[in-house]
Amino acid sequence: VVVPERWYTKPSVQHSSMSPSDLEYWAHAWRTQPIASGGASGYVIHRYDTVEVMANQLLLSFPHLLQTYQADREPDPCNIIGLVETRGHGVLPWTLTDPTIGNRWRTQARGRRVLSYMIWLYCDDTSGNTSKKWNKHNLFLFTAAGLPRAMVHKECNIHFLATSNIAPPLEMLDSIVDQLELAQMQGIWAWDVAAREMVLVVPAVLAMLGDNPMQSELACHIGLQGKFFCRNCWVKGADLHTARERVDGVVMGPNRDDAPSSVETRSRLSESEEGSAQEDVTHQSKGKGRCSETMQDLVDRARRFLGPNAPRTRQDTTDKLRGMFHEVASGMGKVRYAKMKTDTGIKDTYMDVFVERILKLVKGLRVGTDKHTAAVNGVIQGRPVEQFMSPVWRIKGLDPHQDTPVEILHVILLGFVKYFWRDAMSRLNEVQKAELEVRLASFNVTGLGIPPLAAHTLVQYAGSLTGRDFRAISQAAPFVLYDLVPRPCYEAFLALSALVPLVWKPCIENLEEHLAVLQVAIDHFLNCTARWTPRWFNKPKFHILRHLPDHIRRFGPAILFATEGFESYNAVIRDHSIHSNRQAPSRDIARGMARCHRVRHFLSGGKFREREPMAADLPYSDDEHEWLACGSAVQSLVNINIPGHRNVIADFFGINGDAVLPEAGSCIHDKTRPRTLDKTSTALHVPHALHHVQRRLYQSCGSVVALNGEVCCTGDFVLAQDSHAPRALPIIGRLSEILQVCHSPAQHRNQASSLLIETFQVIGSSDIYLLPRIQPSGWIVLPAVALICGVNVQHNCAGNGCTGTSTVPVYEERERTTKTQQRIGHHNPSDFILNTAQMRDATHVQQFRVQAQQLDRDWAIHMGAAAEFDAWKLKAQKLSKTAQKVSKPAPARKPAASPSGVPSHFINVFHRTGKPMLIHFASVCPQDTQMHEHHTISRDRISQSV
């Protein structure tokens with residue numbers, strides 16, 4: 001006897017497709033132990049002992065078991081003695097269901113199927129204006145978590161919930177949770193179009209998505225600037241009030257003002273919405289100057305930052321929030337309440353409203369008096385403390401700390417890649433920037449699925465780039481920065497570029513293996529960053545990344561809970577906002593979105609019923625004929641596909657499916673005439689690959705479609721699979737020739753007949769790029785369906801000393817001009833590097849990944865900290881020498897007598913700050929009002945004269 005905890009589907013063993021007819025239902029179940037001794041009979045459920053069971057392997061359901069247990073001499077299934085959570089522990093009472101009636105959904109569904117509808121709940125703030133003026137609107141969106149990966153982020157599958165330019169997010173969430181609780185209590189009846197029957201849907205929140213500040217607010221976390229800056233665990237940053245000592249005469253502070261020279265222009269690296277976790281460490285303290293951080297402090301903080309920490313739990317946070325509220329109601333002051341939030345890293349903005357109301361009413365009242373008690377009771381009014389806490393704690397099955405997964409867009413692309421790229425640009429002079437632009441313009445983007453790089457934009461406007469730009473930078477940085485930045489900086493870039501395709505991997509074949517590789521890549525990236533400088537760990541995102549493997553294990557590939565689709569949906573909200581009269585913008589947006597959702601439902605073939613009184617005994621209509629749909633003429637509006645024309649109706653409502661991918665092997669002819677086999681390159685390089693047939697002609701083609709739908713042209717590098725070795729690594733090759741047999745069945749289907757590929761083999765790893773190095777190895781002829789995908793290959797410019805010696809003409813408005821631009825001239829053109837930083841088709845490309853040599857973490861932290869302090873000492877020495885030169889007394893010059901001379905008492909207004917300062921005075925001649933003599937006075941001399 002087992003108790004199913006949850007049901008799920010997976011592909012049948014006989015079928016690998018994901019069609020509904022090929023899916024099997026499985027149950028994740030708990031084993032039970034029958035007890036029939038001492039006059040008591042029943043079952044003890046072992047929650048720790050789980051088993052996966054196919055649905056067709058279950059012999060009896062609960063109602064049938066009630067009818068047969070006596071005949072089978074089994075205990076009464078209505079008598080559940082208790083639940084054992086962990087092996088060897090005691091028996092806990094059973095509270096999940098009423099054993100006498102079983103699961104209540106069996107009765108409530110009236111024999112119909114009950115489906116769990118998991119959702120990704122997203123919250124963000126966006127501007128309601130198209131201009132740069134900020135007009136904040138908080139909004140909630142959701143999408144079905146059970147959709148396939150290719151559909152989960154489509155605009156047509158993103159649904160609007162609420163928006164407001166007045167109410168804060170948690171106040172809006174309160175109403176959403178009210179409706180969610182009602183739906184989880186009663187269910188939602190819906191018509192299943194595929195099964196053609198009514199089903200009862202029970203919604204549930206799988207996870208809450210958003211950027212880091214929003215996720216912290218939803219998790220009742222103090223934010224990234226707090227001492228406990230992580231919403232997932234109890235990692236602690238630098239203590240704000242710890243006294244520091246000098247080490248070797250050097251005093252440092254981790255804020256951006258005191259940043260060492262290895263991380264230049266720190267202010268450019270900070271984000272306005274986040275800041276730094278420990279940037280407040282060096283606040284001024286009374287009489288003691290600025291708090292400083294020793295080298296050992298820096299090492300210890302980096303170890304805490306990268307080390308294991310206890311996870312935050314839902315129960316612990318709610319207990320602390322209850323305690324904080326009771327303390328305030330008992331007379332705790334505002335300062336102590338703020339200190340409790342700082343010391344725990346917990347901040348419930350929903351509860352803060354009631355706390356501030358209490359503190360305002362009891363201000364000036366003695367604790368324990370009747371007036372104080374009456375003021376507190378006037379706010380509480382006998383309600384439980386849970387009603388004053390955030391509504392997120394009322395969402396069943398949701399742990400806001402562990403169910404707010406790492407948002408890879410803001411953490412990696414708009415985080416690490418942006419930080420590193422801006423830092424690299426701040427290091428380069430004008431000559432180096434010009435060289436970088438030439439390399440970026442010469443970068444080969446074939447196989448990456450991106451347009452040619454806008455070199456000038458990426459360099460000149462590094463502070464105004466978008467996520468799309470940083471996606472391209474992460475794949476190109478190893479090939480353009482190798483000699484422009486210090487080696488530790490470049491190695492950190494290499495580790496980051498190797499990490500990105502693993503994070504964006506769309507499909508995981510072996511979860512444990514993938515997580516092991518991902519964990520190694522994350523550790524290597526963090527170690528390389530520590531080796532460069534531990535000052536980067538002022539950014540909390542470097543710690544948040546450590547939780548990504550846990551979230552992938554919990555929710556699946558990271559691309560599933562990415563927020564690019566939701567971020568793009570902000571434009572839809574903005575379109576409705578600008579057409580409002582601004583008297584009630586939130587209402588206008590909501591009504592506009594409701595209209596669009598209705599029309600979208602109709603155009604996509606959704607069912608609906610006429611408004612009629614339903615049968616008294618059923619809350620729904622079970623008659624299929626009563627469920628109507630729009631006619632074929634209406635639905636055809638979104639199904640019109642004319643080549644070269646946009647379907648504006650489908651685009652507006654976001655229900656235009658992706659264009660049907662061309663069939664693998666489809667080809668496009670070039671403009672050459674058909675020729676015999678002996679005049680083809682295939683006959684030249686592989687003479688006996690094709691059978692010679694007299695009078696057979698072959699048509700050469702310019703491009704062919706790979707298995708992934710990508711169009712590969714001749715000259716492109718590709719991956720192909722040899723049918724004679726299906727388990728071997730894919731073949732790396734360059735597509736040399738595409739042939740199609742004339743008047744053959746392949747030509748009638750517009751299919752290529754054969755491909756001539758120049759093969760390449762991996763000969764080792766590049767010492768500079770730390771990427772696979774490939775060289776030509778031979779030729780092979782393969783069928784067109786053997787082509788897997790395109791792959792990005794770059795020339796080994798670092799190993800061959802390639803420079804910008806060639807030029808290309810400049811085209812303006814499609815007209816060739818006499819202007820030219822520099823490009824890289826390659827030496828030894830057969831020496832190539834396989835770009836395993838490629839994000840597209842990473843599943844195939846990562847098979848050639850080079851395992852980087854791992855750094856010892858303690859060694860990396862100490863080396864980075866030592867380099868930081870050495871750089872700071874050098875900077876301090878330079879400042880000291882400069883100060884000595886400035887403070888050296890200048891030859892005395894007698895000032896010219898003038899009635900407008902500066903009086904001595906005027907000097908007293910200058911503040912002595914301990915830094916050398918030059919003050920320039922000018923005496924003005926009253927006759928011609930022109931300055932004729934200048935006096936340079938050191939501040940130290942001023943103070944002496946005073």
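This note goes through the predicted model point by point, from the whole chain to single residues.

1. Basis of the values. The model is predicted, so local features are given where pLDDT is at least 70 and side-chain atom pairs count only at pLDDT 80 or more, whereas totals for chains, interfaces and linings use all residues. Residues are numbered from 1 along each chain as its sequence is written, and side-chain values use heavy atoms, with hydrogens and water left out.

2. The chain as a whole. The chain holds 29 helices and 25 strands, where helices (H or I, at least four residues) and strands (E, at least two) are DSSP runs numbered from the N terminus. Of its 946 residues, 46% count as buried; buried means under 20% relative accessible area, exposed over 50%, and partly exposed in between, with a 1.4 Å probe and protein chains only. The accessible surface comes to about 49500 Å², of which 53% belongs to carbon and sulfur atoms (Shrake-Rupley method, 1.4 Å probe; for residues, only the protein chains shown count as cover). Among contacts (heavy atoms within 4.5 Å) with a separation of 6 or more, residues 24 or more positions apart account for 68%.

3. Helices α12 and α13. Helix α12, residues 408–427, packs against helix α13, residues 430–442, at an angle of about 130°, with the axes 9 Å apart; axes are lines fitted to C-alpha atoms, for helices over the stretch in contact, and angles run from 0 to 180 degrees between N-to-C directions. The two helices are therefore oblique to each other, given that angles under 35 degrees count as roughly parallel, over 145 as roughly antiparallel, 65 to 115 as roughly perpendicular and the rest as oblique. On the α12 side W421, M425 and R427 take part, and they meet Q432, K433, L436 and L440 of α13.

4. Salt bridges. The structure holds 33 salt bridges, each defined as a side-chain nitrogen of Lys or Arg within 4 Å of a carboxyl oxygen of Asp or Glu. One of them joins the side chains of E181 and R394 at 3.3 Å, N to O, and this pair links distant parts of the chain, with E181 in helix α4 (residues 169–186) and R394 in the loop between α11 (370–380) and α12, 213 residues apart. Both ends count as partly exposed, E181 at 30% relative accessibility and R394 at 26%.

5. Further charged pairs. E512 forms a salt bridge with R553, the closest N and O atoms being 2.7 Å apart, and this pair too links distant parts of the chain, from helix α17 (residues 511–532) to helix α19 (residues 548–555). K505 and E509 also meet in a salt bridge, at 3.7 Å, N to O; here K505 counts as buried at 13% relative accessibility, whereas E509 is exposed at 54%.

6. The surroundings of H795. This histidine, H795, is found in strand β20, residues 793–795, and is buried, with a relative accessible area of 8%. Leaving aside residues up to four places away in sequence, its contacts include Y769, C802, H826, H827 and F832. The C-alpha atoms of H795 and N444 are separated by 9.0 Å, although the two residues are 351 residues apart along the chain.
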